[in-house]
There are 2 protein chains.
Amino acid sequence: MSFEIFTNDTLPHQQDGKKLVLGLTGLPARGKTYMARKLCRYLSWLGFSTEVFNIGNYRRDKVGVNIPAEWFDQNNEEGRAARDQCADAALADAIAFLKTSEGDVAIYDGTNCTRARRQKVEAAVSAESDMQLLWIESECTNEELVELNIRQTKISSPDYKHKDPQQAVEDYRQRIAQYQQYYEPLGEPDRLSSFVKVINIGEQLVLNRIHGFIPGRIVAFLMNLHTIPRPILMCRHGESEYNVENKIGGDPPLSSRGVLFAKRLADYLDTCSEVKEGSVRLWTSTMQRARETVSHLRLPTSPVHWKALDEINVGMCDGWSYEDVEHRMPQEHHLRTKNKLRYRYPRGESYMDLIQRLEPIIFELERCRDPVVLVGHQAVLRCLYAYFTGRSLDEVPHLDIPLHTIIQLTPRTYHCDENRVALDVAPVKTDT
Amino acid sequence: MSFEIFTNDTLPHQQDGKKLVLGLTGLPARGKTYMARKLCRYLSWLGFSTEVFNIGNYRRDKVGVNIPAEWFDQNNEEGRAARDQCADAALADAIAFLKTSEGDVAIYDGTNCTRARRQKVEAAVSAESDMQLLWIESECTNEELVELNIRQTKISSPDYKHKDPQQAVEDYRQRIAQYQQYYEPLGEPDRLSSFVKVINIGEQLVLNRIHGFIPGRIVAFLMNLHTIPRPILMCRHGESEYNVENKIGGDPPLSSRGVLFAKRLADYLDTCSEVKEGSVRLWTSTMQRARETVSHLRLPTSPVHWKALDEINVGMCDGWSYEDVEHRMPQEHHLRTKNKLRYRYPRGESYMDLIQRLEPIIFELERCRDPVVLVGHQAVLRCLYAYFTGRSLDEVPHLDIPLHTIIQLTPRTYHCDENRVALDVAPVKTDT
Ligand SMILES: Nc1ncnc2c1ncn2[C@@H]1O[C@H](COP(=O)(O)OP(=O)(O)OP(=O)(O)O)[C@@H](O)[C@H]1O
Ligand SMILES: Nc1ncnc2c1ncn2[C@@H]1O[C@H](COP(=O)(O)OP(=O)(O)OP(=O)(O)O)[C@@H](O)[C@H]1O
Ligand SMILES: [Mg+2]
Ligand SMILES: [Mg+2]
């Protein structure tokens with residue numbers, strides 16, 4: 001495990017010790033890759049070095065795309081041997097990744113449909129004394145859901161690039177049927193293994209022998225997942241008096257331009273179809289400039305003021321300008337320039353501290369099925385934006401989150417739609 | 001739901017809306033009352049007004065103690081009618097509690113062993129439009145565990161006050177056998193209900209249709225539970241220079257007496273059998289006075305520095321004395337005196353903010369099976385102490401956590417053992 005992450009000190013869970021192989025299992029079109037990628041994004045954001053090893057990609061590299069369903073028949077010797085080779089290669093790479101000092105979590109994404117196959121994985125992981133294995137199985141008892149999944153994602157897969165959609169669906173169904181014949185779900189014989197079974201996207205979850213810090217976070221994360229698309233509209237508070245004076249920290253009111261923005265934002269949201277229909281949530285921080293901004297809105301809900309959404313705490317530098325920092329504490333300025341992500345203001349917070357503090361917000365955003373309007377602050381929105389768009393931690397402190405601009409994010413299966421609307425109220429340019 | 005809790009504003013989960021009935025179910029001696037009480041303590045600490053309604057207590061009130069096992073036979077008409085009456089009375093009280101403006105969560109603690117009984121509860125709860133029901137079932141497939149449970153708790157129950165222990169165990173086994181005949185565990189027919197099934201103290205958990213903020217917290221809490229007793233040794237950092245000068249906030253070093261305490265603490269822990277044997281954890285904050293205190297210890301582990309353990313942030317009053325606050329901001333001083341629990345320092349935190357921030361620490365403390373040595377701060381330790389000893393929120397800001405005193409807490413089934421050791425280094429008396 002890498003040190004220096006949350007606290008510039010030993011990590012709390014570092015004492016738990018083991019590196020983690022997360023193995024996916026389940027029939028095709030059950031959301032395995034979806035969960036693998038989301039978990040990768042979440043864990044990376046928390047600061048764990050995580051990578052996905054997808055068996056299907058190894059297969060496509062090895063034997064190409066456009067393979068007929070028959071090839072996935074367990075009785076097709078050639079297909080079976082090739083698939084086993086791909087699975088072995090992906091597993092070897094996953095374990096090799098964890099053997100490096102960088103790797104914390106390797107996500108092994110494939111069907112892993114038979115007990116024999118899973119035992120092979122268990123054997124490989126338990127041969128490494130500092131690694132543990134956690135299975136995540138996706139089961140769907142709802143056939144309509146599977147049909148929808150195929151139409152939504154599979155027919156646009158590289159495997160079906162030049163195929164007719166209806167034919168592609170038919171072929172995918174056949175491929176599923178091949179797997180179904182020999183699929184052995186996790187159950188009683190696996191009672192000594194660690195696993196999470198996700199049934200019908202979280203309608204039911206079975207947690208078996210879940211121990212340790214990261215497995216606990218993973219389960220908490222999976223509990224909140226759903227696949228209903230809904231937009232998250234985020235923007236910074238209107239321009240504040242400190243923005244005008246180029247000062248950091250503080251709890252200043254809005255400038256006159258900031259008030260103008262708040263009013264324009266209200267008008268914009270009035271015409272915004274996503275937030276007009278049905279229920280919408282309005283979240284903001286406890287700070288004056290954020291409160292003032294939302295006070296102009298006319299949404300059919302009252303704002304929730306989260307302390308966790310307050311701007312990064314700049315500690316002793318509260319009320320200073322960046323030039324003040326540079327002149328009065330050159331050493332601090334230097335440290336910050338060297339590592340803006342992990343730099344912690346004296347008595348204040350670092351971006352990594354902020355990510356820790358924002359984790360409950362991410363959980364609530366994931367859980368929520370309604371559109372959310374979130375009025376926040378520059379550093380806070382950088383962290384949230386990076387989570388949804390999968391930007392790396394190193395980029396976080398440098399992301400462009402301008403004043404007076406609404407960023408609409410809609411999480412989709414494998415990516416996040418983004419739309420930026422700059423309202424016509426030119427603010428000062430703020431330092432970062 | 002009561003407002004003004006975490007943020008002095010709308011509660012995040014307030015938008016979820018419904019009040020919660022938590023129904024326990026399972027055979028006797030399965031830890032139902034244990035979980036009911038722990039959840040009550042946890043939820044109350046978070047700020048939800050929670051009460052337990054225990055059917056057994058209603059029975060003891062109605063028909064007294066020392067009832068033979070035969071009375072619990074489902075074919076014993078008289079016993080059955082009386083038990084149903086008690087169950088109905090407890091349920092009515094639970095719902096009445098939620099109908100008051102105060103009640104947030106009612107925990108309905110009984111065996112609720114038959115589907116018919118549970119349907120009656122479901123009907124009563126769904127008759128109230130603003131209430132929802134969540135079942136928590138405890139199942140044990142491990143007979144030794146049940147035997148241990150009976151010996152640990154049942155023979156000291158009021159039901160067996162004047163009985164011979166061996167006879168009491170025999171009687172309790174018979175009582176369990178009576179229930180076993182007609183016990184219908186949660187399963188397929190309950191797939192539309194919300195429930196959590198806890199198998200063998202968390203070896204496996206089944207989560208069914210868990211939605212909403214509080215149900216999510218409850219599940220996260222239950223995931224960490226175990227029943228292995230182990231001590232938590234907590235103390236404040238040694239006396240700091242600010243303690244001597246009677247100032248609040250800041251990040252001062254230890255005074256010379258503070259250093260002396262740190263050394264004595266090291267000696268004390270050297271002789272302390274609980275932390276000498278096997279693995280022990282050492283947790284502290286990121287603040288200088290805490291770091292200096294642990295730097296003298298000789299534990300076989302390195303300290304984990306949690307930012308979440310930092311002392312309450314007093315915002316603008318950082319570095320002031322209480323007299324300064326009183327003279328320079330009399331209005332703030334007045335507000336604080338009026339409601340010390342919810343009072344938030346300008347730009348700083350309230351005790352309720354602190355509790356929110358400490359929730360992950362409580363989860364990690366619950367999860368941990370090793371002894372923990374925790375070097376913290378006055379306000380932080382007040383919150384943690386209140387959680388373990390079940391003190392009410394109103395008491396939190398006034399709890400006595402003196403300097404240079406080790407508080408050893410060992411959570412037991414129905415209470416928490418406490419032992420205080422004042423080391424012989426007289427500190428100044430600190431204000432609060
Ligand atoms: N837990 C889940 N259960 C079922 N479907 C899900 C779940 N999570 C996401 N989905 C949906 O499943 C669809 C397909 O997902 P995905 O490509 O991840 O499947 P897969 O299991 O990886 O399939 P394959 O075996 O072909 O790789 C997506 O539309 C996604 O919304
Ligand atoms: N999830 C659990 N499963 C099994 N035992 C547990 C669990 N949690 C706690 N225990 C243990 O169960 C024992 C008895 O607990 P408790 O009195 O709560 O049982 P109960 O189910 O309420 O019994 P009764 O039906 O007689 O009221 C305690 O020793 C406790 O440590
Ligand atoms: Mg896939
Ligand atoms: Mg009980």
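Biologist: Which residues in H2(A) meet which residues in H3(A)?

Modeller: This is a predicted model, in which local features need pLDDT of at least 70, side-chain atom pairs count only at pLDDT 80 or more, and totals for chains, interfaces and linings use all residues. Residues are numbered from 1 along each chain as its sequence is written, chains are lettered from A and ligands numbered from 1 in the order in which they are written, and side-chain values use heavy atoms, with hydrogens and water left out. Taking contact as heavy atoms within 4.5 Å, Ile55(A), Tyr58(A), Arg59(A), Lys62(A) and Val63(A) of H2(A) meet Ala82(A), Arg83(A), Gln85(A), Cys86(A), Ala87(A), Ala89(A), Ala90(A) and Asp93(A) of H3(A). Helices here are DSSP runs (H or I, at least four residues), numbered from the N terminus.

Biologist: At what angle do the axes of H2(A) and H3(A) cross?

Modeller: Two packed helices are described by the angle between their axes and the distance between the axes. Axes are lines fitted to C-alpha atoms, for helices over the stretch in contact, and angles run from 0 to 180 degrees between N-to-C directions. Here helix H2 (residues 55–63) of chain A and helix H3 (residues 77–99) of chain A have axes that come within 9 Å and cross at roughly 125°, which makes H2(A) oblique to H3(A) (under 35 degrees is roughly parallel, over 145 roughly antiparallel, 65 to 115 roughly perpendicular, and the rest oblique).

Biologist: How is the angle read for H14(A) and H15(A)?

Modeller: The axes of helix H14 (residues 351–367) of chain A and helix H15 (residues 378–389) of chain A come within 9 Å and cross at roughly 60°, so H14(A) is oblique to H15(A). Among the residues making this contact are Leu358(A) of H14(A) and Phe388(A) of H15(A).

Biologist: By what turn can chain A be laid on chain B?

Modeller: Two copies of a chain are related by a rotation about an axis and a shift along it. Chain A is laid on chain B by a turn of 180° and a shift of 0.0 Å along the axis, with an RMSD of 0.0 Å (superposed by least squares on the C-alpha atoms of residues with pLDDT of at least 70 in both), and that is the relation of a two-fold axis. In chain A, the C-alpha nearest the axis belongs to Val206(A), 2.2 Å from it. The copies meet through the same surface, because 98% of the interface residues of chain A are also interface residues in chain B.

Biologist: What pLDDT does chain A average?

Modeller: The pLDDT is the predictor's confidence in each residue, from 0 to 100; chain A averages 92, and 96% of the residues score at least 70.

Definitions and conventions. Helices (H or I, at least four residues) and strands (E, at least two) are DSSP runs, numbered from the N terminus.
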